Amino acid sequence: MEYAFSPQLHTNRTILAPPCAGRRPSFPATSSLKTGSRIHLPPSSLKISNGAVCRAVTSPTYLETTEATEIDWDNIGFGLVPTDYMYDMKCSSDGIFANGELKKFGPIELNPSAGVLNYGQGLFEGLKAYRKEDGSILLFRPEENAKRMIDGASRMCMPAPTVEQFVDAVKMTVLANNRWVPPTGKGSLYVRPLLMGSGAVLGLAPAPEYTFLIFVSPVGNYFKEGLAPINLIVEDEYHRATPGGTGGVKTIGNYASVLKAQKIAKEKGYSDVLYLDAVHNKYLEEVSSCNIFVVKGNVISTPEIKGTILPGITRKSIIDVARSQGFQVEERAVPVEELLDADEVFCTGTAVVVSPVGSITYLGKRVEYGNRGVGVVSQQLYSALTSLQMGLAEDHMGWTVQLN
């Protein structure tokens with residue numbers, strides 16, 4: 001069922017998701033909506049009671065806008081572009097998240113004593129929405145992001161949305177910002193879910209209230225090189241994570257700690273930093289925000305998940321794709337010396353997808369791969385995964401979720 005949007009329906013600033021049973025659906029008053037925009041209400045969740053449209057509390061309401069943007073899609077980089085809506089959902093000390101709502105994108109209000117500001121009690125996720133050639137939109141494995149947030153929340157003493165709540169909220173936010181999803185092959189809509197201790201707390205303790213927030217931004221390539229080789233330097237002084245710490249969860253503090261080494265590396269002309277383990281200072285861990293893979297012949301090796309590196313969803317997907325194509329993939333401790341004899345090296349992550357490495361510098365020695373071109377394996381895996389993500393290839397893995 002659909003409701004055609006008209007100016008007479010400007011009754012509320014936000015649209016609740018989901019509305020309480022017996023309540024009429026509300027429509028946002030915003031200049032971004034024009035006559036002809038659609039509010040999508042899944043028929044299976046609708047009931048008619050005394051002429052009112054009612055909804056079971058577990059079913060989301062989808063708002064979709066179609067107004068055109070003025071973005072130069074051919075030259076979009078990886079940066080924040082303010083969009084129309086963000087999603088907001090609260091959880092009190094009882095651990096139960098209340099119904100969330102779509103709000104106009106903009107600043108949020110936090111108590112100066114919020115747990116996230118004082119003690120870093122926060123997590124974030126990252127996933128993408130892609131425009132298919134027929135105009136519909138695909139999400140890539142959003143349930144995996146939901147599960148990873150649940151795992152991270154447990155480590156950080158935080159309640160988390162259920163998988164269903166998470167995925168429904170992502171769907172709603174993407175559809176509400178439909179016009180910001182780039183055309184096929186021009187980029188993607190980056191989706192950033194946040195979970196943070198928003199309640200005020202002075203002593204060191206879990207916050208009394210939590211906020212689940214989602215905002216989105218259209219993006220192009222993460223590295224300015226695009227699908228072109230990047231240059232890494234191995235960091236032998238600073239470490240990203242330690243055993244027993246939070247390196248294996250996507251907590252906000254993991255990323256602030258890499259900024260100094262990354263800044264120094266970029267000032268020297270490198271694209272990013274590759275970190276070593278904090279115990280032996282000899283085994284590969286990950287790049288600042290990417291997982292790392294080393295190719296030798298038909299064998300692809302990547303550091304094993306053991307609590308100090310992030311279990312990347314793109315990493316997991318590339319492993320499955322590579323094995324389906326006949327590669328032998330090993331998850332193990334990878335000594336830094338193996339970089340010196342590798343055929344190819346590449347990084348994976350939501351933002352970069354697959355990024356080939358053209359050179360790595362370690363202790364002053366620079367090693368180059370494939371004449372600093374895009375390696376055959378990197379190109380093959382990149383093409384296979386992006387074809388799935390954009391709906392250009394049949395999804396035999398069951399990884400994509402079509403929204404409209």
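Are Phe166 and Phe212 buried or exposed? Both Phe166 and Phe212 are buried, where buried means under 20% relative accessible area, exposed over 50%, and partly exposed in between (1.4 Å probe, protein chains only).

Before we go on, a word on the model. This is a predicted model, in which local features need pLDDT of at least 70 and side-chain atom pairs count only at pLDDT 80 or more, while totals for chains, interfaces and linings use all residues. Residues are numbered from 1 along each chain as its sequence is written, and side-chain values use heavy atoms, with hydrogens and water left out.

**Exercise 1. Find how confident the predictor is.**

Step 1: Recall that pLDDT is the predictor's confidence in each residue, from 0 to 100. Step 2: Look at the whole protein, where the mean pLDDT is 84 and 81% of the residues reach 70 or more. Step 3: Turn to residues 1–59, where pLDDT stays under 50. For this stretch the model has 132 contacts beyond four places in sequence, a contact being heavy atoms within 4.5 Å.

**Exercise 2. Describe the aromatic pairs.**

Step 1: Set the rule. Rings of Phe, Tyr and Trp (its six-membered ring) pair if their centres lie within 6.5 Å; planes under 30 degrees apart count as stacked, over 60 as edge-to-face and the rest as tilted. Step 2: Search the whole structure, which gives 7 aromatic pairs. Step 3: Take Phe140 and Trp399, an edge-to-face pair with 5.7 Å centre to centre and 90° between the planes. Phe140 sits in strand β11 (residues 137–140) and Trp399 in the loop between α7 and β23 (400–402), so the pair ties together parts that are 259 residues apart in sequence. Helices (H or I, at least four residues) and strands (E, at least two) are DSSP runs, numbered from the N terminus. Phe140 and Trp399 are both buried. Step 4: Compare Phe166 and Phe212, a tilted pair at 5.7 Å centre to centre with 40° between the planes. Phe166 is in helix α3 (residues 163–176) and Phe212 in strand β13 (residues 210–219), 46 residues apart.

**Exercise 3. Work out the surroundings of strand β15.**

Step 1: Check burial: 5 of the 5 residues of β15 (residues 272–276) are buried. Step 2: Sort the directions. In a regular strand the side chains alternate between the two faces of the sheet. Here Asp272, Leu274 and Leu276 point one way, and Val273 and Tyr275 the other way. Step 3: Find the partners, remembering that two strands pair if DSSP finds at least two bridges between them. Strand β14 (residues 230–235) runs parallel to β15 and is joined to it by 4 bridges, with Ile233 opposite Val273. Strand β16 (residues 284–287) runs antiparallel to β15, with 2 bridges, and Leu274 has Val287 as its bridge partner there.
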